[in-house]
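Please keep the viewer open as you read.

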Amino acid sequence: MYISVYENGIYLDIKVLEDKSVKLINLSPNKLENEPKDIKYYSIAELQISGYDHDDHHGNKHTYCSGASLMKYLSHRDYQNNFGRKLEITQEYKGILLVSHFQFFDNISVIRSWNGIENGSKETEPIEYISSLSLYGISSNTPNKRNQDVIIHIPHNTWFGEAQWKSYDIHSLGYDILREASVKRIALSNTGSWSCAEYLPMGSFENKFSGSTLTWQIETSASWHWEIGEIPNELYLQLSGPTLEENSFVKLLKPGESFESVPCAIALVNGDFEKSIAELTKYRRAIRRKNEDNEKLNVIFNDYMNCLMGNPTTEALIPLIDAAFDAGCEYFCVDCGWYADGFWWDTVGEWLPSKKRFPNSIKEVFDYIRSKGMTAGLWLELEVMGIKCPLANKLPDDWFFMRNGRRIIDQNRYQLDFRNPAVREYATGIIKRVIEDYGVGYIKMDYNIDVGVGTDYNADSTGEGLLSHTRAYLAWLDSIFEMYPNLVIENCSSGGMRMDYSHLSRYSIQSVTDQEDYILMSAIAANCMTACAPEQAAIWSYPLKKGDIEETVYNMVNAMLLRIHQSGHLAEIDKERLKYVKEGIAYYKTIRDDIKSALPFWPIGLADMNDEYISVGLDCKDKKYIAVWRMKGEDLNKGISLPIKNISSNSKALCAYPKDLDTDYSYDSLNWILNVTLKPKTARIFEINS
């Protein structure tokens, strides 16, 4: 029996064999012309249960797990829901049900995939591994050897250096064809409560011969794993949440209990990496919580970066509020330190305003923000409690992450455990207070620690404890938005250390980075749309006290195609430089309605921190916005040519920001090339109109 689906440019083909084993033989942007020769390994899912054979010469690979290979077809369901077409395949073995979910999205070449298991047996089943997606035969659409024509794009990520993708041929990553199969794999894992500590939970596989690309994201805020490896004469891709081997995860599934893998999404396109990111951008908008903020794209002022840096007071804030309002900002957020008389890091937890900082109460500041017509914002970090917080020593251990009978401490903070109803009640009380008593309408929700493998308190394993906590936190977050549907919450975790779509399907804004160097900031700004939709990506613009006009313009260009996260001492910079801040914000307000539906493109490829020129654009069909930066260089006459795709022959270009500074550029409308020559450490915004 065959089950075949074609939706939105994606072909999905499943074969049920005579013995009722289920094989996913095609999931790609190409129609299946010939069935794979050896489909033994083409499982629709991988599931490893303790005590079951792992029937493969596998090494560390998660291939041909017997918990999945023993499963037999039971039924399937094919139906429409609010997103599009949905296919569910149910298998069974000895009372254990395995359900594979494939969600299509109308007019988007992305599929969302996850697997669920239900224990109908009479025994507890220890789950060591369950895939979110198992895809075999990803190298099948080429007549060449499977290690040829293959590019793997890996999204390196770190504090101050988010979304720095590097591209590798598969040989350079250590893969060679030695026989029909090997135990070698190319694998990325994240273990801990920062989902993006070293890599984004993403990856991309590009077949240069066939011109097709697979780009994926794993939607979890904690541990995850993906691998590309080899089965006989083919390559495969496995995506999952936490595993036993990589992340110390075991789920003891009791009789009658069920469990689902973390979801993942994969764009499958006939086209390049850029095209796959465009499809993921559409998908991210489709799954995101509907909210007014992502429609209006209000301009944010935050007092932290290269400004008050965690030292807010009434005296310091009032002139900043005046300056932010005068510049055109619409949210004003008071950042960290507001609750501490002195050092703020290790005292977090009670969330009561410092009387020393705010002698007439912090409400005076928020009232003043609102009197200017701006929404008042406040920084919180509700998942942690400082070791010097008076409350911490009064609470029982079951409020916190524990390992080996001791509370886990990271950077002088404890990790709160949101599986505990008392913790959730405590967090809800804080939200209720800052909204209803202080009048806050915007929260910057930060998270600055990484607690490693997880907690073993009241958990099947440390990895299971971590996953259960993250799911409890997200459920709590959903309840907050039910209580306060108009509340705006920004996702921050030392910048982009949790820039994932388990969070961003709920939060409207992502604080992309803590980068303090505005030149390096541009390389992050240019790439961050690979990780999240542009209208969710907040990038700092922070004019320096002793900067100049071009520095101010560069700062503004960093943020202007995304979400403006304005900061800097606006009340203290000279009027000439402030003029360019105002011009930038005013111009942003004329284009932000386009940003929320635009798709990103990179005229000269993704940025690298060592590049001289970098660029990113937004495609609005009949109009394109292009940011161009020159990060460094010595030759003042050195320019760059930017090819512009999908534009009409009668198009015209102009330098849209800034309008009155000299800019050396020309536009070849016959060949659709924008030629730009910038001085080092300068930047511009261009428009190309049909």
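Helices (H or I, at least four residues) and strands (E, at least two) are DSSP runs, numbered from the N terminus. The expected span of a helix is 1.5 Å times one less than its number of residues. This is a predicted model, where local features need pLDDT of at least 70, side-chain atom pairs count only at pLDDT 80 or more, and totals for chains, interfaces and linings use all residues. Residues are numbered from 1 along each chain as its sequence is written, and side-chain values use heavy atoms, with hydrogens and water left out.

**The whole protein**

- The protein contains twelve helices and 40 strands.
- Its radius of gyration (taken over C-alpha atoms) is 26 Å; this agrees with the value near 26 Å for a compact globule of 690 residues, by the rule of 2.2 Å times the number of residues to the power 0.38.
- Along the principal axes, the C-alpha atoms fill a box of roughly 80 × 70 × 40 Å.
- Of the 690 residues, 62% are buried, where buried means under 20% relative accessible area, exposed over 50% and partly exposed in between (1.4 Å probe, protein chains only).
- Taking contacts (heavy atoms within 4.5 Å) between residues at least 6 apart in sequence, 68% join residues at least 24 apart.

**Helix α6**

- Helix α6 (residues 314-327) has 14 residues and reaches 20 Å from its first C-alpha to its last, close to the 20 Å expected.
- Its buried residues are Thr314, Leu317, Leu320, Ile321, Ala323, Ala324 and Ala327.
- The cover over these buried residues includes β20 (300-302), α5 (304-308), β21 (331-334), α7 and α12 (575-595).
- Gly328 follows α6 and has a positive phi, near 105°.

- Lys372 sits in the loop between α7 (362-371) and β22 (375-380).
- Is Lys372 buried or partly exposed? Lys372 is partly exposed, because its relative accessible area is 25%.
- Setting aside neighbours within four places in sequence, Lys372 is in contact with Ile321, Asp322 and Phe325.
- Lys372 and Phe325 are 47 residues apart along the chain, and their C-alpha atoms are separated by 6.7 Å.

**Helix α8**

- Helix α8 (residues 421-436) has 16 residues and spans 22 Å from first C-alpha to last, close to the 22 Å expected.
- Among its buried residues are Val423, Tyr426, Ile430 and Val434.
- The elements that cover the buried residues of α8 include β22, β23 (384-386), β28 (442-445) and α9 (462-483).
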